[in-house]
Amino acid sequence: MKLVYLETYGCQMNVADSELMLGVLGRAGYEQTMDPEVADVMLVNTCAVRDNAEQRVIGRVGELMRHKRPGDLLGVVGCMAQRLGPVLLERVPRVDLVVGPDAYRNLPSLIEHALRGGRISDTEFRSWEHYEDVPPVRTPGATQFVTVQRGCDYRCTFCIVPYTRGPERSRTLEDLVRDVRGLVEQGTTEVTLLGQTVNSWNDGRHDFADLLRAVGAVDGIRRIRFTSPYPTDFTDRVIEAMATTDAVCEHVHLPAQSGSNAVLRRMLRRYTRETYLSVVERLRAAMPGITMSTDIIVGFPGETEAQFEETVSLVREAAFDDAYTFKYSVRDGTPAVKLPDRVTDEVASARLSRLIESVRAQTRARNMGRVGSTHEVLVERPARRGDMMLGRTRTNFLVLVDLPEEAAGEYHEVRLTGTTGSTFTGAIVAPQLAVL
Ligand code: SAH
Ligand code: F3S
């Protein structure tokens, strides 16, 4: 029995990919260990979206090297592996394996090769690769990720993802429904459907609206989330399916990136501020009480002070409940590298701080107004501090509740009693609702 240690960075898709790798390796006789010290193979699943994500990984790889005994292997997998390929083997002599997201099926043979002393990389794109036949090894729990689409066909000029994850491909509806049924049998009641432009999912015979309805019709599924949708792929059909499928949660993550039409154009986003806001409006009209979060990049090449202000005003106008904010990071090989008028780090940092401040104030104000309201909470896991449990409302609010660890996976009616600004405390008002 060989032991594999796997560490995951980056997005939810990487978490799902790590589960997939454990599936591939499990079939080949590997078992997971949480201790790098005893592992025969150490793998780091990486993100390449921003430079600071890569710097963190480089630091961590350096630390893991210290656990390497003779005969042990250290591998870098995922988007950074794909981006750098064999160069990574040249630059970091103690890395034995470099494996991109379309090559996970080959992990056992690549490991065998490396064990015989041949350091190796596999970063070929395989546009047919869906890993349908590989059962992921998931951490048991009521809420699970399901990858419905891999790769991306959009070409946002700042983004490395199309170059690390290859062309878009969708798994079939039948396959996905089978997967979700299997999850329900193991106790899952909430699924998060994953894809880079998840609402453009299309298996050739069905669109995302069909998928939402089909997953919603699986007995035992109480909640459906999905991430990340692309604003202009919210067709009327998709919004209609969201509104009429009870399981679809009242929350959407809707990456805006900027509030300025000039910047959006340079980013090659396929919408204007106005069309973006019309999507927000249509979603709110169809699903009263829906909450919204977004992604924003500041300091994109050419961004003027006035254009940045348009982003700040978009946050207000769209009334986001939360926003993930980033400083633009130059990614070699993306079209934006060639854009003139780069914004200095100093200016970008100052803009980022200002944006974070206004997002925080807005989130806080909106959340204060929610104290006293009652929500259905799915209890997820113990909170980091104290002996409370952390749960989530359908609207994606994190709530601390006083429940024992055994309550994980239960649904409770909870009244929000206070907020730190971002998370809530809550009190149980009714015991678990029976699952019909
Ligand atoms: N399709 C995915 C995008 C993945 S990248 C999605 O919509 O979620 C996740 C976020 O990282 C993007 O929405 C963007 O806000 C940010 N991002 C991507 N490339 C970036 C870059 N070069 N610099 C800074 N932030 C970036
Ligand atoms: Fe990246 Fe744009 Fe696709 S942000 S993942 S290129 S939709």
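Reply: Let us start with burial: a residue is called buried under 20% relative accessible area, exposed over 50%, and partly exposed in between, with a 1.4 Å probe and protein chains only. This is a predicted model, in which local features need pLDDT of at least 70 and side-chain atom pairs count only at pLDDT 80 or more, while totals for chains, interfaces and linings use all residues. Residues are numbered from 1 along each chain as its sequence is written, chains are lettered from A and ligands numbered from 1 in the order in which they are written, and side-chain values use heavy atoms, with hydrogens and water left out.

Me: Is Met267 buried or exposed?

Reply: Met267 counts as buried because its relative accessibility is 0%. Met267 is found in helix H10, residues 261-267, where helices (H or I, at least four residues) and strands (E, at least two) are DSSP runs numbered from the N terminus. Between Met267 and Arg394 there are 127 residues in sequence and 32 Å in space, C-alpha to C-alpha.

Me: And is Lys338 buried or exposed?

Reply: Lys338 has 73% relative accessibility and therefore counts as exposed; Lys338 is found in the loop between S14 and helix H13 (345-368).

Me: How many cavities does a search of the whole structure find?

Reply: Rolling a probe the size of a water molecule over the atoms shows where empty space is left. On a 1 Å grid over the protein atoms alone, a cavity is a set of points where a 1.4 Å probe fits but cannot get out, whereas a pocket is an open set with protein on both sides within 12 Å along at least five of seven lines, and lining residues have an atom within 4 Å of a point. Grid points are joined across faces, edges and corners, and a volume is the space filled by probe spheres set on the points. Here the search finds one cavity of 30 Å³ or more, and the largest cavity holds about 40 Å³ of space. The largest cavity is lined by Ile224, Arg225, Phe226, Val248, Cys249, His251 and Val252, and S11 gives the most to that lining, with three residues.

Me: What volume does the second largest pocket have, and which element gives the largest share of its lining?

Reply: The second largest pocket has a volume of about 440 Å³, and H7 provides the largest share of its lining, five residues. In total 30 residues line the second largest pocket, with Val134, Pro135, Pro136, Arg138 and Asp179 nearest its centre.

Me: Which residues are closest to ligand 1?

Reply: A residue is near a molecule if one of its heavy atoms lies within 4 Å of it. Ligand 1 is surrounded by 14 residues, the closest being Gln196, Ser228, Gln257, Asp295 and Ser329. A polar contact is a pair of N or O atoms within 3.5 Å; within protein, one must be able to donate a hydrogen and the other to accept it, and residues adjacent in sequence count only if both atoms are side-chain atoms. A backbone N or O atom of Gln196 is 2.6 Å from a nitrogen atom of ligand 1, and an N or O atom in the side chain of Ser228 lies 2.8 Å from an oxygen atom of ligand 1.

Me: Which residues are around ligand 2?

Reply: The residues around ligand 2 include Cys152, Cys156, Cys159, Gln196 and Arg269.
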